[in-house]
Amino acid sequence: MDQKVKTERKESEQKKGMEAMVACYQGFDPAAYLQYNYTPPRADFDRPDSIVPWKLGCLHRAFTEGDVGGGVLVDVGSGPTIYQVLSGCEVFDKLFLTDFLEVNRQELRRWLGGEGCSSLDWTPYLKHVCKLEGRRPSAWSEKAARLRSVVSDVLSIDVHRPNPLPLDAQLPAAGADCLVSSFCLESVSPDLASFDRALGHIGSLLRPGGHLLLIGALGESYYMGGPGVRIPVVPLDEAQVCASLKASGYTLVRLEVYTLPQDMRVGVDDVTGVFFVKARKP
Ligand SMILES: C[S@@+](CC[C@H](N)C(=O)[O-])C[C@H]1O[C@@H](n2cnc3c(N)ncnc32)[C@H](O)[C@@H]1O
Ligand SMILES: O=S(=O)(c1ccc2c(c1)CN[C@@H](CF)C2)N1CCSCC1
(Lines give C-alpha, C1' and ligand atoms only; values in the text may rest on other atoms or scores of the structure.)
(Ligands and ions follow the chains in the order given, each with its own letter.)
Protein backbone atom coordinates (compact mmCIF):
# COMPACT_ATOMS: atom_id res chain seq x y z
CA MET A 1 0.00 0.00 0.00
CA ASP A 2 1.59 3.33 -0.97
CA GLN A 3 2.10 6.17 1.48
CA LYS A 4 -0.76 8.27 0.09
CA VAL A 5 -3.28 5.50 0.64
CA LYS A 6 -1.91 4.87 4.14
CA THR A 7 -2.29 8.55 5.00
CA GLU A 8 -5.80 8.72 3.60
CA ARG A 9 -6.81 5.61 5.56
CA LYS A 10 -5.34 7.05 8.78
CA GLU A 11 -7.15 10.37 8.27
CA SER A 12 -10.39 8.54 7.62
CA GLU A 13 -10.01 6.54 10.84
CA GLN A 14 -9.26 9.73 12.80
CA LYS A 15 -12.38 11.36 11.36
CA LYS A 16 -14.54 8.39 12.30
CA GLY A 17 -13.16 8.45 15.84
CA MET A 18 -14.01 12.14 16.22
CA GLU A 19 -17.50 11.65 14.81
CA ALA A 20 -18.13 8.79 17.25
CA MET A 21 -16.99 10.97 20.15
CA VAL A 22 -19.26 13.84 19.06
CA ALA A 23 -22.15 11.39 18.90
CA CYS A 24 -21.44 10.24 22.47
CA TYR A 25 -21.55 13.80 23.75
CA GLN A 26 -24.99 14.47 22.25
CA GLY A 27 -26.42 12.64 25.26
CA PHE A 28 -24.35 14.52 27.86
CA ASP A 29 -26.57 15.61 30.76
CA PRO A 30 -25.05 18.46 32.82
CA ALA A 31 -27.31 17.96 35.85
CA ALA A 32 -26.63 14.22 36.00
CA TYR A 33 -22.90 14.76 35.50
CA LEU A 34 -22.82 17.23 38.38
CA GLN A 35 -24.80 14.82 40.55
CA TYR A 36 -22.43 11.93 39.79
CA ASN A 37 -19.22 13.80 40.49
CA TYR A 38 -19.84 16.95 42.55
CA THR A 39 -22.07 15.73 45.36
CA PRO A 40 -21.16 13.24 48.14
CA PRO A 41 -19.42 10.83 48.44
CA ARG A 42 -17.00 12.41 45.98
CA ALA A 43 -17.67 15.95 47.09
CA ASP A 44 -17.51 15.49 50.86
CA PHE A 45 -15.86 18.51 52.46
CA ASP A 46 -15.86 16.91 55.90
CA ARG A 47 -13.67 13.97 54.85
CA PRO A 48 -9.94 14.74 55.18
CA ASP A 49 -9.14 12.20 52.43
CA SER A 50 -11.82 13.56 50.09
CA ILE A 51 -10.85 14.48 46.54
CA VAL A 52 -12.42 17.92 46.84
CA PRO A 53 -10.06 19.49 49.42
CA TRP A 54 -7.13 17.91 47.58
CA LYS A 55 -8.09 19.30 44.19
CA LEU A 56 -9.14 22.73 45.39
CA GLY A 57 -5.91 22.85 47.41
CA CYS A 58 -3.81 22.07 44.31
CA LEU A 59 -5.54 24.86 42.40
CA HIS A 60 -5.19 27.33 45.28
CA ARG A 61 -1.44 26.69 45.57
CA ALA A 62 -0.91 26.86 41.82
CA PHE A 63 -2.66 30.21 41.49
CA THR A 64 -1.23 31.85 44.61
CA GLU A 65 2.47 30.92 44.70
CA GLY A 66 3.43 34.05 42.83
CA ASP A 67 4.41 32.93 39.32
CA VAL A 68 0.90 32.93 37.85
CA GLY A 69 -1.33 35.92 37.34
CA GLY A 70 -1.94 38.93 35.19
CA GLY A 71 -4.27 39.30 32.27
CA VAL A 72 -6.14 36.41 30.73
CA LEU A 73 -7.10 32.97 32.02
CA VAL A 74 -8.87 30.46 29.76
CA ASP A 75 -10.64 27.38 31.14
CA VAL A 76 -10.65 24.69 28.45
CA GLY A 77 -13.65 22.36 28.45
CA SER A 78 -15.34 23.93 31.48
CA GLY A 79 -18.37 21.71 31.25
CA PRO A 80 -21.06 22.76 33.74
CA THR A 81 -18.53 23.39 36.53
CA ILE A 82 -16.90 26.47 38.04
CA TYR A 83 -14.81 25.03 40.90
CA GLN A 84 -11.73 25.00 38.69
CA VAL A 85 -11.58 28.83 38.49
CA LEU A 86 -12.51 29.78 42.06
CA SER A 87 -8.87 30.48 42.94
CA GLY A 88 -7.86 31.80 39.52
CA CYS A 89 -10.58 34.45 39.50
CA GLU A 90 -8.73 36.30 42.28
CA VAL A 91 -5.50 36.73 40.28
CA PHE A 92 -6.84 37.28 36.76
CA ASP A 93 -8.92 40.20 35.53
CA LYS A 94 -10.21 38.52 32.35
CA LEU A 95 -11.46 34.94 32.33
CA PHE A 96 -12.98 32.87 29.54
CA LEU A 97 -15.04 29.77 30.22
CA THR A 98 -15.38 27.40 27.27
CA ASP A 99 -17.19 24.25 26.26
CA PHE A 100 -18.07 22.19 23.20
CA LEU A 101 -21.74 21.79 24.14
CA GLU A 102 -24.37 24.52 24.25
CA VAL A 103 -26.10 22.76 27.16
CA ASN A 104 -22.98 23.30 29.25
CA ARG A 105 -22.50 26.89 28.11
CA GLN A 106 -26.14 27.52 29.08
CA GLU A 107 -25.54 25.95 32.52
CA LEU A 108 -22.56 28.26 33.05
CA ARG A 109 -24.53 31.32 31.90
CA ARG A 110 -27.33 30.44 34.32
CA TRP A 111 -24.90 30.42 37.22
CA LEU A 112 -23.20 33.59 35.99
CA GLY A 113 -26.61 35.28 35.71
CA GLY A 114 -27.10 34.62 39.41
CA GLU A 115 -30.75 33.67 38.96
CA GLY A 116 -30.27 30.80 41.42
CA CYS A 117 -31.39 28.19 38.88
CA SER A 118 -28.10 26.40 38.24
CA SER A 119 -28.14 22.61 38.63
CA LEU A 120 -25.72 22.55 41.56
CA ASP A 121 -25.29 24.77 44.62
CA TRP A 122 -21.61 25.77 44.45
CA THR A 123 -21.68 27.48 47.86
CA PRO A 124 -19.72 24.71 49.67
CA TYR A 125 -16.97 25.02 47.04
CA LEU A 126 -16.93 28.82 47.32
CA LYS A 127 -16.75 28.60 51.12
CA HIS A 128 -13.93 26.04 51.01
CA VAL A 129 -11.80 28.18 48.71
CA CYS A 130 -12.45 31.23 50.92
CA LYS A 131 -11.14 29.19 53.86
CA LEU A 132 -8.02 28.26 51.85
CA GLU A 133 -7.50 31.99 51.24
CA GLY A 134 -7.71 32.77 54.95
CA ARG A 135 -11.05 34.53 54.51
CA ARG A 136 -14.16 33.91 56.55
CA PRO A 137 -16.48 31.41 54.85
CA SER A 138 -19.22 34.08 54.73
CA ALA A 139 -17.06 35.85 52.11
CA TRP A 140 -18.31 33.24 49.66
CA SER A 141 -20.80 35.66 48.14
CA GLU A 142 -18.00 38.18 47.52
CA LYS A 143 -16.03 35.46 45.76
CA ALA A 144 -19.06 34.57 43.64
CA ALA A 145 -19.41 38.24 42.72
CA ARG A 146 -15.70 38.44 41.86
CA LEU A 147 -15.94 35.42 39.56
CA ARG A 148 -19.03 36.82 37.86
CA SER A 149 -17.24 40.15 37.37
CA VAL A 150 -14.13 38.73 35.67
CA VAL A 151 -15.75 36.21 33.32
CA SER A 152 -15.62 37.96 29.96
CA ASP A 153 -17.38 35.33 27.90
CA VAL A 154 -18.53 31.73 27.68
CA LEU A 155 -17.11 30.49 24.37
CA SER A 156 -17.52 27.41 22.26
CA ILE A 157 -14.37 25.32 21.88
CA ASP A 158 -13.20 22.25 20.00
CA VAL A 159 -9.79 20.99 21.12
CA HIS A 160 -9.55 18.82 18.00
CA ARG A 161 -9.23 21.92 15.84
CA PRO A 162 -5.78 23.50 15.42
CA ASN A 163 -7.51 26.77 16.37
CA PRO A 164 -9.85 25.56 19.14
CA LEU A 165 -11.65 28.89 19.78
CA PRO A 166 -13.94 30.94 17.50
CA LEU A 167 -12.09 33.39 15.28
CA ASP A 168 -13.78 36.33 17.02
CA ALA A 169 -12.69 35.25 20.52
CA GLN A 170 -11.16 38.29 22.19
CA LEU A 171 -7.86 36.69 23.25
CA PRO A 172 -4.64 38.74 23.18
CA ALA A 173 -2.61 38.22 20.00
CA ALA A 174 0.24 36.70 22.07
CA GLY A 175 -2.15 34.27 23.75
CA ALA A 176 -3.60 33.75 27.20
CA ASP A 177 -1.39 34.06 30.28
CA CYS A 178 -2.74 30.83 31.77
CA LEU A 179 -4.86 27.84 30.76
CA VAL A 180 -6.71 25.59 33.15
CA SER A 181 -8.38 22.40 31.98
CA SER A 182 -9.92 19.63 34.04
CA PHE A 183 -11.05 16.17 32.91
CA CYS A 184 -11.32 17.34 29.33
CA LEU A 185 -8.60 16.16 26.93
CA GLU A 186 -8.62 12.51 27.94
CA SER A 187 -12.43 12.51 27.97
CA VAL A 188 -12.88 13.81 24.45
CA SER A 189 -10.06 12.05 22.58
CA PRO A 190 -10.63 8.68 20.90
CA ASP A 191 -7.00 7.65 21.40
CA LEU A 192 -3.64 8.80 22.73
CA ALA A 193 -2.52 10.32 19.44
CA SER A 194 -5.67 12.44 19.45
CA PHE A 195 -5.01 13.43 23.09
CA ASP A 196 -1.49 14.55 22.17
CA ARG A 197 -2.75 16.56 19.18
CA ALA A 198 -5.40 18.22 21.36
CA LEU A 199 -2.74 19.14 23.92
CA GLY A 200 -0.81 20.79 21.12
CA HIS A 201 -3.90 22.63 19.88
CA ILE A 202 -4.70 24.18 23.27
CA GLY A 203 -1.01 25.04 23.66
CA SER A 204 -1.45 27.42 20.75
CA LEU A 205 -3.82 29.48 22.95
CA LEU A 206 -1.07 30.09 25.54
CA ARG A 207 1.62 32.76 25.29
CA PRO A 208 5.28 31.76 25.68
CA GLY A 209 6.06 31.83 29.39
CA GLY A 210 2.43 31.14 30.24
CA HIS A 211 1.25 28.34 32.52
CA LEU A 212 -0.93 25.28 31.96
CA LEU A 213 -2.82 23.82 34.92
CA LEU A 214 -3.99 20.41 33.69
CA ILE A 215 -6.15 18.15 35.81
CA GLY A 216 -7.26 14.75 34.68
CA ALA A 217 -8.20 11.18 35.31
CA LEU A 218 -5.73 8.33 35.72
CA GLY A 219 -6.60 4.79 34.66
CA GLU A 220 -10.02 5.79 33.38
CA SER A 221 -11.49 4.09 30.30
CA TYR A 222 -15.06 5.38 30.47
CA TYR A 223 -17.42 7.62 32.38
CA MET A 224 -21.18 8.15 32.49
CA GLY A 225 -22.12 11.53 31.02
CA GLY A 226 -25.75 10.95 31.93
CA PRO A 227 -28.19 8.05 32.41
CA GLY A 228 -27.13 5.41 29.88
CA VAL A 229 -24.55 7.77 28.30
CA ARG A 230 -21.25 5.92 28.41
CA ILE A 231 -18.35 8.05 27.13
CA PRO A 232 -14.96 6.47 26.34
CA VAL A 233 -11.85 7.94 27.97
CA VAL A 234 -8.20 7.55 27.02
CA PRO A 235 -6.62 5.67 29.96
CA LEU A 236 -3.60 7.65 31.20
CA ASP A 237 -0.86 6.99 33.72
CA GLU A 238 1.61 9.45 35.24
CA ALA A 239 4.41 8.50 32.83
CA GLN A 240 2.18 9.09 29.82
CA VAL A 241 1.03 12.47 31.11
CA CYS A 242 4.66 13.54 31.55
CA ALA A 243 5.61 12.18 28.11
CA SER A 244 2.72 14.02 26.43
CA LEU A 245 3.61 17.30 28.14
CA LYS A 246 7.26 16.90 27.11
CA ALA A 247 6.29 16.10 23.52
CA SER A 248 4.20 19.28 23.54
CA GLY A 249 7.22 21.32 24.65
CA TYR A 250 6.11 22.10 28.21
CA THR A 251 8.42 22.36 31.21
CA LEU A 252 6.90 20.44 34.10
CA VAL A 253 6.73 22.55 37.28
CA ARG A 254 4.84 20.07 39.44
CA LEU A 255 2.84 16.84 39.20
CA GLU A 256 0.61 15.78 42.07
CA VAL A 257 -1.40 12.55 42.18
CA TYR A 258 -4.44 11.54 44.22
CA THR A 259 -5.57 7.92 44.50
CA LEU A 260 -9.34 7.59 44.82
CA PRO A 261 -10.44 5.71 47.97
CA GLN A 262 -12.48 2.60 47.19
CA ASP A 263 -15.76 4.12 48.40
CA MET A 264 -15.40 6.99 45.94
CA ARG A 265 -15.42 4.52 43.09
CA VAL A 266 -19.15 4.78 42.63
CA GLY A 267 -19.79 3.20 39.24
CA VAL A 268 -20.10 6.40 37.22
CA ASP A 269 -16.64 5.76 35.83
CA ASP A 270 -13.61 3.52 36.43
CA VAL A 271 -11.18 6.29 37.41
CA THR A 272 -8.47 5.15 39.82
CA GLY A 273 -6.72 8.45 40.45
CA VAL A 274 -6.48 12.11 39.55
CA PHE A 275 -3.41 14.04 38.43
CA PHE A 276 -2.70 17.73 38.86
CA VAL A 277 -0.05 19.26 36.61
CA LYS A 278 1.43 22.73 36.67
CA ALA A 279 3.53 23.26 33.57
CA ARG A 280 5.08 26.22 31.78
CA LYS A 281 5.27 26.94 28.06
CA PRO A 282 8.88 28.04 27.37
C1 LIG B 1 -15.63 15.24 31.73
S2 LIG B 1 -16.24 16.79 31.25
C3 LIG B 1 -15.20 17.92 32.20
C4 LIG B 1 -15.99 19.06 32.74
C5 LIG B 1 -15.29 19.93 33.78
N6 LIG B 1 -14.08 20.57 33.23
C7 LIG B 1 -14.96 19.18 35.07
O8 LIG B 1 -13.87 19.41 35.61
O9 LIG B 1 -15.78 18.41 35.53
C10 LIG B 1 -15.56 16.97 29.61
C11 LIG B 1 -16.05 18.21 28.90
O12 LIG B 1 -15.44 18.29 27.60
C13 LIG B 1 -16.40 18.85 26.70
N14 LIG B 1 -16.03 18.49 25.32
C15 LIG B 1 -16.52 17.49 24.57
N16 LIG B 1 -15.94 17.49 23.36
C17 LIG B 1 -15.04 18.53 23.34
C18 LIG B 1 -14.15 19.06 22.38
N19 LIG B 1 -14.02 18.50 21.18
N20 LIG B 1 -13.41 20.14 22.72
C21 LIG B 1 -13.52 20.70 23.94
N22 LIG B 1 -14.36 20.25 24.92
C23 LIG B 1 -15.11 19.17 24.60
C24 LIG B 1 -17.71 18.26 27.14
O25 LIG B 1 -18.80 19.00 26.66
C26 LIG B 1 -17.56 18.25 28.67
O27 LIG B 1 -18.07 19.43 29.22
O1 LIG C 1 -12.05 13.75 41.15
S2 LIG C 1 -13.47 13.85 41.17
O3 LIG C 1 -14.15 12.85 41.91
C4 LIG C 1 -13.95 13.74 39.53
C5 LIG C 1 -14.58 14.78 38.91
C6 LIG C 1 -14.92 14.66 37.57
C7 LIG C 1 -14.62 13.51 36.89
C8 LIG C 1 -13.99 12.47 37.55
C9 LIG C 1 -13.64 12.59 38.88
C10 LIG C 1 -13.64 11.22 36.85
N11 LIG C 1 -14.33 11.07 35.61
C12 LIG C 1 -14.22 12.26 34.82
C13 LIG C 1 -14.73 11.99 33.43
F14 LIG C 1 -14.22 12.88 32.58
C15 LIG C 1 -14.98 13.40 35.45
N16 LIG C 1 -13.84 15.24 41.73
C17 LIG C 1 -15.18 15.48 42.18
C18 LIG C 1 -15.24 16.44 43.34
S19 LIG C 1 -14.42 17.91 43.05
C20 LIG C 1 -12.89 17.36 42.50
C21 LIG C 1 -12.99 16.36 41.39
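Which residues does His60 touch, not counting residues up to four places away in sequence?

## His60 in helix 3

In this predicted model, His60 touches Ser87, Leu132 and Glu133 once residues up to four places away in sequence are set aside. His60 has its place in helix 3, and because the limit for a buried residue is under 20% relative accessible area, His60 counts as buried at 15% relative accessibility.

The model contains an open sheet of seven strands, whose order is 3-2-1-4-5-9-8 and whose pairing is mixed. Strand 3, which spans residues 151-156, and strand 8, which spans residues 251-259, stand at the edges with a single partner strand each, so one side of each is left without a neighbour in the sheet. From one strand to the next, the twist averages 15 degrees.

Strand 8 pairs with strand 9, made up of residues 273-280, in the antiparallel sense and over eight bridges. In this pairing, Thr259 stands opposite Gly273 in strand 9. Helix 6, formed by residues 140-150, packs on the sheet and touches strand 2 (92-99) as well as strand 3; the direction of helix 6 makes about 75 degrees with that of strand 2.

## The loop between helix 2 and helix 3

Two residues can be described together here, since Pro41 is found in the loop between helix 2 and helix 3, and Ala43 lies in the loop between helix 2 and helix 3 as well. A cis peptide bond joins Pro40 and Pro41, with an omega of about 10 degrees.

Ala43 is buried, its relative accessible area being 7%. Not counting residues up to four places away in sequence, Ala43 touches Asn37, Tyr38, Val52 and Tyr125. Ala43 and Trp122 are 79 residues apart in sequence, whereas in space they are 11 Å apart, taken from C-alpha to C-alpha.

## The largest pocket and Phe183

The largest pocket has a volume of about 750 Å³, and its lining is made up of 40 residues, of which Tyr33, Ser182, Phe183, Cys184 and Ser187 lie nearest its centre. Two or more residues of this lining are given by each of helix 1 (3-25), helix 2 (30-38), helix 3 (51-64) and helix 7 (185-188). Sorted by class, the lining of the largest pocket has 25 nonpolar, nine polar and six charged residues.

Phe183, one of the residues that lie nearest the centre of the largest pocket, has its place in the loop between strand 4 (176-182) and helix 7. Although Phe183 is not a glycine, its phi is positive, at about 55 degrees. The relative accessible area of Phe183 is 22%, and this residue is partly exposed.

## The second largest pocket

In the second largest pocket lies about 190 Å³ of space. This pocket is lined by 13 residues, and those closest to its centre are Asn163, Leu165, Pro166, Leu171 and Leu205. By class, the lining of the second largest pocket has 10 nonpolar and three polar residues, with no charged residues, while the lining of the largest pocket includes six charged residues.

Note on methods: Residues numbered from 1 in each chain as written. Chains lettered and ligands numbered in written order. Predicted model: local features only at pLDDT ≥ 70, side-chain atom pairs only at ≥ 80, totals over all residues. Heavy atoms only, no water. Pairing = 2+ DSSP bridges. Helix = DSSP H or I, 4+ residues; strand = E, 2+ residues; numbered from the N terminus. Axes fitted to C-alpha atoms, helices over the stretch in contact; angles between N-to-C directions. Contact = heavy atoms within 4.5 Å. 1 Å grid on protein atoms, 1.4 Å probe; cavity = no way out; pocket = protein on both sides within 12 Å on 5 of 7 lines; lining within 4 Å. Points joined across faces, edges and corners; volume = space filled by probe spheres on them. Nonpolar A, V, L, I, M, F, W, Y, C, P; charged D, E, K, R; others polar. Buried < 20%, exposed > 50% of the residue type's maximum accessible area, 1.4 Å probe, protein only.
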